[in-house]
Structures are given as C-alpha cells and as structure tokens.
Amino acid sequence: MNERAIEELGKELDAIEAEVKASLGERDRRYITRLIRIQRGLALTGRAVIFASLPLVSSGAPFFCVLASGAVMLGIAKILENMEIGHNVLHGQWDWMNDPEINSRVWEWDNVCPSDQWKHSHNVVHHTWTNVIGKDRDVGYDVLRVTDAQPWKPAYLFQPIYNFVLMLFFEWGVAFHDIEVDRPLSKSKHLLRGIAKKATRQAVKDYVLWPALAGPFFFWVLAANVIANLIRNVWAYTIIFCGHFPEGVHLFTEKDVEGETRARFRVRQIMGSCNIEGGRLFHLMSGNLSHQIEHHLFPDLPSNRYPEIAPRVRALCARYGVPYNTGSLLRQFGTTTLKIWRLSFPSPRRPAIV
Amino acid sequence: MATLWSRLNDVAGLVATPLVPSHYLAILNPLWATHTLEGRVEQTRDETNDTRTLTLRPGRNWRRHLPGQHVRVGVAIDGRRVVRTYSISSSPDRDDGKITITVKAKGPASTFLARNVSPGQYVSLSRPEGDFVLSEAPRQLFVTAGSGITPVMSMLRTFELRGSMPDVAHVHYAPTDRDVIFGDELRRITDRYPAYKLSVIQTRERGHFNPGHLPADWEARRFFACGPEALLEQLPPGATIERYHAKRAAIPRDARGGKVHLRMSGLEVGADAQTPLLVVAERAGVAAAHGCRMGICHTCDVTMQSGCVRDLRTGELVTEPGTRIQPCVCAAAGDVALDL
C-alpha cells in the first residue's frame, strides 16, 4: 500500500469515529446501565442459588445440579463484569457520559488485577505498541513463544503445559502481567503491593467470607466459587488468545513503526488483530473483543457500537487491500493452540512480516 | 468500640468487593444506596409559565439542609450527565422529609428539568451546600430577583413552620406580577404575618434596582441578596450583604487560547489554541501522568473545573464544569482551570 492510500484510509476511519462519537446518546447510556444492573442481579442470584442448593446436600444429583447452576450463573456474571463491562469501562469508553461511577478513573473490576495496573499494561503498553516484538508484552505475555520471530529456548518445550495452566489461572496471569521477570524485584515492589492488596480482598470474598456464611457447608460454597472463577478464567483466556495469535496475524518490529503516522498506526492495529464470528449473545459474552479489530481501531468507542462499525471497517479493508483476519471461534482458537504447540519446538527464526 | 464496629463493617462489606453492598441495594431501590445519592421526583408543579417546582424524595444518604442552602442536581441529557446547582425552596422542617427545587426553563439542563422530568424519575443529588443560610437576626432584609427568590422562600417557610416571623422587609423584582414565583404563597404570608413586608417591583414598569427601593432602616437589617450578577453589582457598596448567584463560563466564538490555571500546582500559564494542555502543563514544569499522548489510553485524563477547551481531533468545545478531559488532545479555548 502506498502512503497516499494509507492516509486516505486513515481519513475514512476518522470519519467513522467522528460519526459514531457524535451519535452517542441516551440509547448507549441505557445499554450500559441496564447491563450493569443485569450483571449485578445475576451475580447476586448466582450466589443465592448456590446457597439454595445447600439444604439439598444429601439428595445427590439434584443438589449438584442446583449448585452447579448457581456456579455457572456466578461465572457468567464475572465474565460480563470483566469483559463487556470492566475492560470497556477501563478503556474510557463510557467516560463521555460524565457519570461519576461508570468511569475509567474510578472503576475497579471483579478481578485480582488492580485496575490502575491494567490501565497501564493494557491501555498504554499493549494498545500503543500492538504486536511490536520487544515492545508489546502481550506478544506471548513474556512466557509463550507465539511467533517464529521470537528466538527458541529449551523452556519453550514445556509451553503446551504452562499454556494450559495459564488458561486455568488466567486472572492471576493478568494480575502479574505488568511485573517484568527480568527487572530487579525492588522496581516491581509497589506493583506487587498493589496486587497483594487487591488479590487478598478478592480471595477473602470468594474463598473465605461467602463460604464461611454457609457454616458447615463451607467447602461446597468454596467449590462453587472456585468453579465460577474457573469458568471466567477459561472463557476470558479463550477469547483473549484469539485477539492477536491466530494464523495469519501480522507482527511488527520496532523499525517498522518508526515515524508511524496516525493512519499507519491504524493499519497496524487492523493487521495485528483478529476477529471472531458469532451471534449477538456471543459478542456480548466476549465483551465484543470478538470485534478485536474495531476495538483496536477505536478503543474508546463504546463496545455496543462495534457490531455496527464492523461491516464498514471490513468493506474499507477490502477496498484498500488491507488483510482483515476473521473466522469462527474454532478456527481462531484452533490455529492459536496449534501454533503454541508447534512453536514449543525449535523453528528457523524468521523476521516479522509486515 | 466504634473502630471495632467499623472494622467489622469493613470486613462484612468485603462480600461485595470491589463494590460495596450499597451497589446491590441500589438495584432494588436507588434511594437505599449509601455510596451515592439520588432523589426520586415525587411531584411537579408549574409556578409560572417558565418555572416549575419539583418535589424530590432524597435517598438515605441525604443530610438535612439549612434554609437557604443549595444542592447540585444531575440529569442525563442525551446520555450525558449534566449537573446544575439549585437552591432548595422547601423548609427542612417539613415533616415528610421531601425537598423542593424550583427551576426556571433557561439553558439546556434547567429546561430539561423544568419540562421533561416527570414523577417516578430519579435525579442525582449532592448533599446540601452553601453558607447563604437563615439568620436569627431580629430585623432582616431580603432583596431578590426572579428565581433568586428560591433560597429566601426556604427561609420564609421555615419561619412560618416555626410560627415566629422576625421583622422582614422583602424587595422582589419580577417583570410583571404574574411572573412572581410563589406569588400566592407570599401574599398569604403577608396576610398572616404583619412583621413580613413584601414589596414587588414590576421591572417592566418601574425598571431595575435603585437604592430608593430599600427600606429607610436597611443598614440596621441583616441583608440577604439573591439574583443575577447585574442586580448584586448595583447594591450599595460597603454594606455587609450575604450574596448568592451562580456563575457560568461564556463560550468563546472563535479559536483562541487563554490562561490555564493548574490548580494542584498553583500555576497560571498562557496557552495558545493549538498546543495540547498536557504539553502546556509539562512546559510549566508539571510532571503530569500520561500514556499514549494521542487520546486512546485515558491515562492523562483530568477534571476541568471551569472554562472551555477544544478537542483537537474533532474541534468540539467542552464547557461543562467538572468534565473529565483528555489534555493530550485538548487545547485551551479561552481561560481554563484544570486539576493538575
């Protein structure tokens, strides 16, 4: 693509952004306030159902069904809170409402990662340096080899195993995301203190206080809460790993992004992100990160607008010949997992593709 | 003991972390919330053709006001919360716990409150504020104009509910008799309390303030004045007067810079209309938090206390005091005060 075409595409994307921003209004406010109410109601109901199962404890199957459905409800509530609500509020997508609570400055999400650290590691580092090897710490999260451009080390032989562990404990991976392993511990101290404080509160809630309220049934409530957190972890991992790792995604070097214009920056965002196809409920449950490309183009536009923007962005990409990576969850997650397995073995180091 | 109790409360509150239990109560009834404060509109009543009184039931977090105090009221217009300050026109001695504000349909927020809000809706509230408050002085003077009568009305209603009216002289300005807010009630109070002397000046016929409208003994009275700035400026200089009026920034017509007041740093610097405010602050030696410097990450967001800025990406002007702005992509458009 020549410079002129890139700048033109940039202008078209600016126009979409300006148009959507100008049309934000009551409909959008209602969407997010309603969703927050539903999410809180679901979380409370999930916990109530878990407790409602306890009198049935000796009934066998009915007990497990009720307990499990409570855990699933709580898990779904946590998914909604972290993904469609938390992640997007923390991007400042709803700051335009001037609401004192639904605001990136004050929002704290139901996750062991402190919001302020997330806003740095994700909003600043990842969204600025998207897919730039050596700069974007989301490229393999410092532990996985997700491209030939990363040199192979023997430790990567075990990456299929710790990739699986990361899936189960995903929120903890997210929490420690900003801690750089090769940085002296003293420099990470304040970050660790923040994580310890937030994680303690989160753990006391789910693994001590709520179970303790059940008295002799402590371990059943504990188990249900562990399952709810597992459900959230596995789902969040699945969606998020489809964002930048599927087959065909593009990576960049620091040299590629030197002197990058706003329009070029946006082309990199498109080429470095991958969408997942699905229905309305799927997009909601994925926090609209199934529209990863649109999210990276317009990270502070309200996520409920991504579905209507996506066809326009896709048409623009087709017109300007920019690759638009989209596919089913099976395709995106499948190629990601295969890649992680394949790259655990040595492979010839190839430069990043632009 | 109190600390032990609050400790226990904190631990119990952890069941809702990172929220507080009040967030869940608020789903059931917004008035039960303690982490925020809302009021339910109970009744609306038209006072004149452009003013309406809203009766509100404030939530649990409310604190009884003093007569004359005001409250900040927030409503979402087109999805955006707008906050305006209104005097409370009811007496805190009302036994139903409700408050009233009287709103003149002027400007988008007040027009919305005066025309589009109906019973059952919720508005956000601040706690009552302000030191324009009722005095126990035996002789008092109220000078009010238009909707400036509202805080004084709270005082008069309080005197009435207590059944003791001090010696009050009240000079009120309104275009015509029909435009006098609370006109019927004022006449009723006049009939009932000889100590309350009202003179309404119809400005269509008799013009605005002149010192001759004041009672001869005005200097011996506790002087309260409430109305537009134009009225307050004309009051006799040197007198001790409790004044109250609301101020708003004017929107500049063309692109220009202005004086930037960095409140936290105690600095004031000049800025042009093109330089991002983040850069302006940095040049002034303020180490402001920042991230992407292109308006995507919101790390540098800061509250604009007053004034006007222009979003350099869209050209859009932001004038609403209290708005969070992105200083890396906003420039001064006239004078502006930032929490930096």
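I began with His295(A): beyond its neighbours within four places in sequence, it is in contact with His87(A), Asn88(A), His91(A), Gln93(A), His122(A), His127(A), Leu289(A) and Tyr306(A). Contact here means heavy atoms within 4.5 Å.

A note on the ground rules: this is a predicted model, where local features need pLDDT of at least 70, side-chain atom pairs count only at pLDDT 80 or more, and totals for chains, interfaces and linings use all residues. Residues are numbered from 1 along each chain as its sequence is written, chains are lettered from A and ligands numbered from 1 in the order in which they are written, and side-chain values use heavy atoms, with hydrogens and water left out.

**His295(A), continued**

I placed His295(A) in helix 11 (residues 292–297) of chain A. Helices (H or I, at least four residues) and strands (E, at least two) are DSSP runs, numbered from the N terminus.

I then looked at its side chain, which makes a polar contact of 3.1 Å with the side chain of Tyr306(A). Such a contact is a pair of N or O atoms within 3.5 Å; within protein, one must be able to donate a hydrogen and the other to accept it, and residues adjacent in sequence count only if both atoms are side-chain atoms. I also checked Ile309(A), which is 14 residues from His295(A) in sequence and 10.0 Å away in space, C-alpha to C-alpha.

**Gln332(A)**

Next I turned to Gln332(A), in helix 13 (residues 329–342) of chain A. Gln332(A) is buried because its relative accessibility is 0%. Setting aside neighbours within four places in sequence, I found Gln332(A) in contact with residues including Cys242(A), Pro246(A), Cys274(A) and Asn325(A).

**Chain B and a pocket**

I looked up the domains of chain B, whose bounds come from an automatic or database domain assignment: domain 1 (20–125), domain 2 (139–244) and domain 3 (258–338). The centres of domain 2 and domain 3 of chain B, taken over C-alpha atoms, are 42 Å apart.

Where does the second largest pocket lie? Domain 1 and domain 3 of chain B both give residues to its lining, so the pocket lies between them. Strand 4 of chain B gives the most to that lining, with 4 residues.

How values were computed:
Buried means under 20% relative accessible area, exposed over 50%, partly exposed in between (1.4 Å probe, protein chains only).
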